[in-house]
Structure formats: C-alpha cells, structure tokens
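Visitor: Please show me around this structure, one stop at a time. I would like to start with the aromatic rings.

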Amino acid sequence: MSQHHQPSTLAALSHTWVEAWNARDLERVLALYAEDAVMTSDRIPVMGFDASGTVRGKDALRAYWGKALGLIPNLHFTVIDVFVSPDSAVVFYENERGKRICEYLRVNEAGLIVQGSANQLPH
C-alpha cells in the first residue's frame, strides 16, 4: 500500500482539504488535485458548467470553483467525520448554510486527488 493510501495520510489530506477551502485559497485547494482530476456535483450544471454535472481537469475546476467562491463569500466547512478506504476518503461536513455533504476524494499513487464527488441528501 502506498504511503499516500495509509488511513492517517488520507485523514490528514481530508483535513487539509477543508482547511484550504475555509481559507478560501483556491490555488491551495487545486494543489491537492492531479492535472486530470474529475469532479462531479449537482451544482456544476446549476452554475452554468457541463450539463452532465462533471468537470474535467484543473482548468475546468479552477473556473468552476472560482465562480462558486465569488458567489459564496462566507463559505465555511465544519468537519463532522472522515471515512477512509485504501485509496479514498469521504469528508462528511456541514457547510455555512447548515447543509450536510459527503465529499468523496479518490487519490492516485502520488497522493493527489483524481476524482471528487459532492454527495448530498436527495431533498
């Protein structure tokens, strides 16, 4: 098992991810992702990006998240829990609006996030 796939390393990555978002530091967030990372969220089409709900690559992530940060000046995530598997973590958090979200983050051998998915309750 890669050092990046150790439970403690994945848990640390999860907390670093939240800290970067809470700092509103887009480049710090993006530094956690591989160049070819894929992100899926129901917010992607709502924000005027790909109708499939998926964006691909850091440039697309930068455009999507840059727009989102501009619309949410008080963005803040509070970690409820972190779950890990051999190659991924799920960050269960509450956002600034009190909405609970599970963010799935799969990492590559280098420990960079290659796949993310924001998962929410269906209502």
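Guide: Rings of Phe, Tyr and Trp (for Trp, its six-membered ring) pair if their centres lie within 6.5 Å; planes under 30 degrees apart count as stacked, over 60 as edge-to-face and the rest as tilted. This is a predicted model, so local features need pLDDT of at least 70 and side-chain atom pairs count only at pLDDT 80 or more, while totals for chains, interfaces and linings use all residues. Residues are numbered from 1 along each chain as its sequence is written, and side-chain values use heavy atoms, with hydrogens and water left out.

Visitor: Which residues do ring pairs link into a cluster?

Guide: A search of the whole structure turns up 9 aromatic pairs. Ring pairs join a set of residues into a cluster, and its members are Trp17, Trp21, Tyr33, Phe49, Tyr64, Trp65, Phe77 and Tyr93.

Visitor: Are the rings of phenylalanine 49 and tyrosine 64 stacked or edge-to-face?

Guide: A pair of aromatic rings is described by the distance of the centres and the angle of the planes. For phenylalanine 49 and tyrosine 64 the centres are 5.7 Å apart and the planes stand at 75°, so the pair is edge-to-face.

Visitor: How many residues apart in sequence are the parts that this pair ties together?

Guide: Helices (H or I, at least four residues) and strands (E, at least two) are DSSP runs, numbered from the N terminus. Phenylalanine 49 sits in the loop between H3 and S2, whereas tyrosine 64 belongs to helix H4, so the parts tied together are separated in sequence by 15 residues.

Visitor: What is the volume of the largest pocket?

Guide: On a 1 Å grid over the protein atoms alone, a pocket is an open set of points with protein on both sides within 12 Å along at least five of seven lines, where a 1.4 Å probe fits, and lining residues have an atom within 4 Å of a point. Grid points are joined across faces, edges and corners, and a volume is the space filled by probe spheres set on the points. For the largest pocket that gives about 420 Å³.

Visitor: Which of its lining residues are the closest to its centre?

Guide: The lining holds 21 residues. The ones closest to the centre of the largest pocket are Arg43, Tyr64, Ala68, Ile72 and Phe77.

Visitor: Where does the largest share of the lining come from?

Guide: Helix H1 (7-22), helix H4 (58-71), strand S5 (100-107) and strand S6 (113-120) each give at least two lining residues. The largest share is 4 residues, and its source is H4.

Visitor: How many residues of the lining are nonpolar?

Guide: Ala, Val, Leu, Ile, Met, Phe, Trp, Tyr, Cys and Pro count as nonpolar, Asp, Glu, Lys and Arg as charged, and the others, Gly among them, as polar. The lining has 4 charged residues and 3 polar ones, and its nonpolar residues number 14.

Visitor: Which residues form the covered face of S5?

Guide: In a regular strand the side chains alternate between the two faces of the sheet. In S5 the uncovered face has Arg100, Cys102, Tyr104 and Arg106, and the covered face has Ile101, Glu103, Leu105 and Val107.

Visitor: What is the phi of arginine 24 near?

Guide: Most residues other than glycine have a negative phi. Arginine 24, in the loop between H1 and helix H2 (26-30), is partly exposed at 33% relative accessible area. Its phi is positive, near 55°.

Conventions. Buried < 20%, exposed > 50% of the residue type's maximum accessible area, 1.4 Å probe, protein only.
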